[in-house]
Amino acid sequence: MTAWTTLATPARRATLMRRAQLLAAASVAYNTVEAVIAITAGSIAGSSALVGFGLDSLVEVSSGLVILWQFRHAVPMDPRDEEFAADHIRHGRRRSRAGRR
């Protein structure tokens, strides 16, 4: 077991996961506003650097959305079998470990 699973109680883990989701959501909101302002101001001013900064903010938004998705769609994983999570993601379902050899 990892330190995370042995030290955190289920209630503490839920609290930390909720905080992480709120932080990621705040980051997505901030970066969205930043992107809109930067792209708009860059277009008005004719500044490719400012537009590029806004586009970079959109990349950060997409990264934040991936993090939110990961927290809200937890993949059950057996630490002894890394392929278990990959199969779950590929096939969109849980695969029974009892039928595996």
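In which helix is Gly52 found? Gly52 is found in helix α3 of a predicted model. The chain contains 4 helices and 0 strands, and its elements run α-α-α-α from the N terminus on.

**Chain overview**

- The chain has 101 residues, of which 19% count as buried.
- The accessible surface of the chain comes to about 7,600 Å², and carbon and sulfur atoms account for 63% of that surface.
- When contacts between residues at least 6 apart in sequence are considered, 31% of them join residues at least 24 apart.

**Helix α2**

- Helix α2 spans residues 10–45.
- With 36 residues, α2 reaches 52 Å from its first C-alpha to its last, which is close to the 52 Å expected at 1.5 Å a residue.
- The buried residues of α2 are Gln21, Ala24, Val28, Asn31, Glu34, Ala35, Ala38 and Gly42.
- These buried residues of α2 pack against α3.
- Just after α2, Gly46 adopts a positive phi of about 70 degrees.

**Helix α3**

- Helix α3 covers residues 48–72 and has 25 residues.
- From the first C-alpha of α3 to its last, the helix reaches 36 Å, close to the 36 Å expected at 1.5 Å a residue.
- Gly54, Ser57, Val61, Gly64 and Leu68 are the buried residues of α3.
- The buried residues of α3, in turn, pack against α2.

**Glu34 in α2**

- Glu34 lies in helix α2 and is buried, yet has no salt bridge.
- The nearest side chain of opposite charge to Glu34 is that of Arg72, 20 Å away; a salt bridge would require a side-chain nitrogen of Lys or Arg within 4 Å of a carboxyl oxygen of Asp or Glu.
- Leaving aside neighbours within four places in sequence, Glu34 is in contact with Phe53 and Ser57.

**Gln21 in α2**

- Gln21 also has its place in helix α2.
- Gln21 counts as buried because its relative accessibility is 13%, and the cut-off for burial is under 20%.
- Not counting residues up to four places away in sequence, Gln21 touches Leu68, Phe71 and Arg72.

- Gly52 and Gly42 are 10 residues apart in sequence, and their C-alpha atoms are 8.4 Å apart in space. Gly42 is one of the buried residues of α2.

Conventions: Residues are numbered from 1 along each chain as its sequence is written. This is a predicted model: local features need pLDDT of at least 70, side-chain atom pairs count only at pLDDT 80 or more; totals for chains, interfaces and linings use all residues. Side-chain values use heavy atoms; hydrogens and water are left out. Helices (H or I, at least four residues) and strands (E, at least two) are DSSP runs, numbered from the N terminus. Buried means under 20% relative accessible area, exposed over 50%, partly exposed in between (1.4 Å probe, protein chains only). Lys and Arg count as positive and Asp and Glu as negative; His and the chain ends are not counted. Contact means heavy atoms within 4.5 Å. Accessible areas come from the Shrake-Rupley method with a 1.4 Å probe; for residues, only the protein chains shown count as cover. The expected span of a helix is 1.5 Å times one less than its number of residues.
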